[in-house]
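Me: Please take me through this model one feature at a time, giving the general idea before the particular case.

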Amino acid sequence: MIFQKNSFQLLFLVGIILLGFAAEKCRLLVGEEASSKSWTGRFTFFNCFDVGTGTIACVVKELVKIYLHYVGAVHVRKVREAAAAEAVKAGLSQGLSYGEASEKAREEGNAAARRAFLQAKHIMRHLISSGWDVFETLYVGGTIGEGLMRGSGTLLGSYAGGYMGEQRLGWIGFLVGSHMGSWAGGRIGLMAYDVGNGVQFLLHFVGKEHNSDGSPSLRDSFL
C-alpha cells in the first residue's frame, strides 16, 4: 500500500515536470502575445487605488466576502437551531427534565455550530481564492479561457492541499496546505492552458500547410 502511494506521488511529480517542460516549449512556440499573461503579471494592493478597474475589483471582492460570510452565518445559525431542537427531543425522551435537556441542547448546538463554521470557512476560502485568480488573470490582459483554467486549478489545488494538510497537521496543515495547493494548482492550470494553446497552434499550422499544398483540409474531408 505504501509502495503504491509512493509510486503515485512519483508519477504525479514526473507528470508535473513534463507538463512544465511542454508548457515552456509551447510558450516559445506561440509567442509572448498568445501565451498566458498571468505568469508574471500580478494584481497588487496599490492597484486598488487606481480609481478605475482595480478600485472596482477591490470593492467587489470585499462585497463578495461580506455576502459569503453572511451566507455562512445563516447556515451556522440554522445548524445550531436544528441540532439544539434534536437534542431537546432526545433529552426529554431519555427522561431528563426540560432544564437539563435545554442545557444539553445548548452544548450540542454550540458543537454543531463550530463544525458548521469550520466547514463554511473552508469552502469560502477556496471559492474566494479561485475567483480572485480568475479576475487577476483578466486584469493583467489574459483571456477568459486562461482565467478559467487558472481558477479551476487554484480551486482544486486549494481543496486537495487543504485536505491533505488537515489530515496530517490539523488546522495549521489546512492553512499551509490550502495556500500552497492553490498556488501550485493555479500554476498547473496555466501550464495546461499554454499546452492547449501550443497544440491548437500546431493543428492550425498543419491545416494551413495542407491547404497550401492543394490538398483538402480536415474540415472539407468531412463535408
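Me: Which residues form the nonpolar patch on the surface, and how much accessible area do they have together?

Reply: A patch is made of residues with over 30% relative accessible area and no salt bridge, nonpolar side chains (Val, Leu, Ile, Met, Phe, Trp, Tyr) being joined within 5 Å and like charges within 9 Å; a salt bridge is a side-chain nitrogen of Lys or Arg within 4 Å of a carboxyl oxygen of Asp or Glu. Here Leu29, Phe201, Leu202, Phe205 and Val206 make up the patch, with about 420 Å² of accessible area together (Shrake-Rupley method, 1.4 Å probe, with only the protein chains shown counting as cover for residues). Helix H4 provides its largest share, 4 residues, where a helix is a DSSP run of H or I with at least four residues, numbered from the N terminus. Phe201 is found in H4 and, at 35% relative accessibility, counts as partly exposed (buried means under 20%, exposed over 50%, partly exposed in between).

Me: What should I keep in mind about the origin of these values?

Reply: This is a predicted model, in which local features need pLDDT of at least 70 and side-chain atom pairs count only at pLDDT 80 or more, whereas totals for chains, interfaces and linings use all residues. Numbering runs from 1 along each chain as its sequence is written, and side-chain values use heavy atoms, with hydrogens and water left out.

Me: How many salt bridges does a search of the whole structure find, and how should I read the one between Asp194 and Arg27?

Reply: Side chains of opposite charge can pair when their charged atoms come close. The search finds 6 salt bridges, and in the one formed by Asp194 and Arg27 the closest N and O atoms are 2.6 Å apart. Because Asp194 lies in helix H4 and Arg27 in helix H1, this pair ties together parts that are 167 residues apart in sequence. Asp194 is buried, with a relative accessible area of 1%, and Arg27 also counts as buried, at 17%.

Me: Which helix holds both Arg106 and Glu103?

Reply: Both lie in helix H3, 3 residues apart, about one turn of the helix, and their side chains meet in a salt bridge at 2.5 Å, N to O. Arg106 counts as partly exposed at 47% relative accessibility, as does Glu103 at 40%. Elsewhere, salt bridges that share partners join Glu24, Arg27 and Asp194 into one network.

Me: What is the volume of the largest pocket, and which helix gives the most to its lining?

Reply: Rolling a probe the size of a water molecule over the atoms shows where empty space is left. A pocket is an open set of points on a 1 Å grid where a 1.4 Å probe fits, with protein on both sides within 12 Å along at least five of seven lines, and lining residues have an atom within 4 Å of a point. The largest pocket has a volume of about 880 Å³, meaning the space filled by probe spheres set on points joined across faces, edges and corners. Of its 27 lining residues, Phe12, Ala160, Gly161, Met164 and Gly181 lie nearest the centre, and H4 (144-212) gives the most, with 21 residues. By class, this lining has 14 nonpolar, 11 polar and 2 charged residues (Ala, Val, Leu, Ile, Met, Phe, Trp, Tyr, Cys and Pro count as nonpolar, Asp, Glu, Lys and Arg as charged, and the others, Gly among them, as polar).

Terms used: Helix = DSSP H or I, 4+ residues; strand = E, 2+ residues; numbered from the N terminus. Buried < 20%, exposed > 50% of the residue type's maximum accessible area, 1.4 Å probe, protein only.
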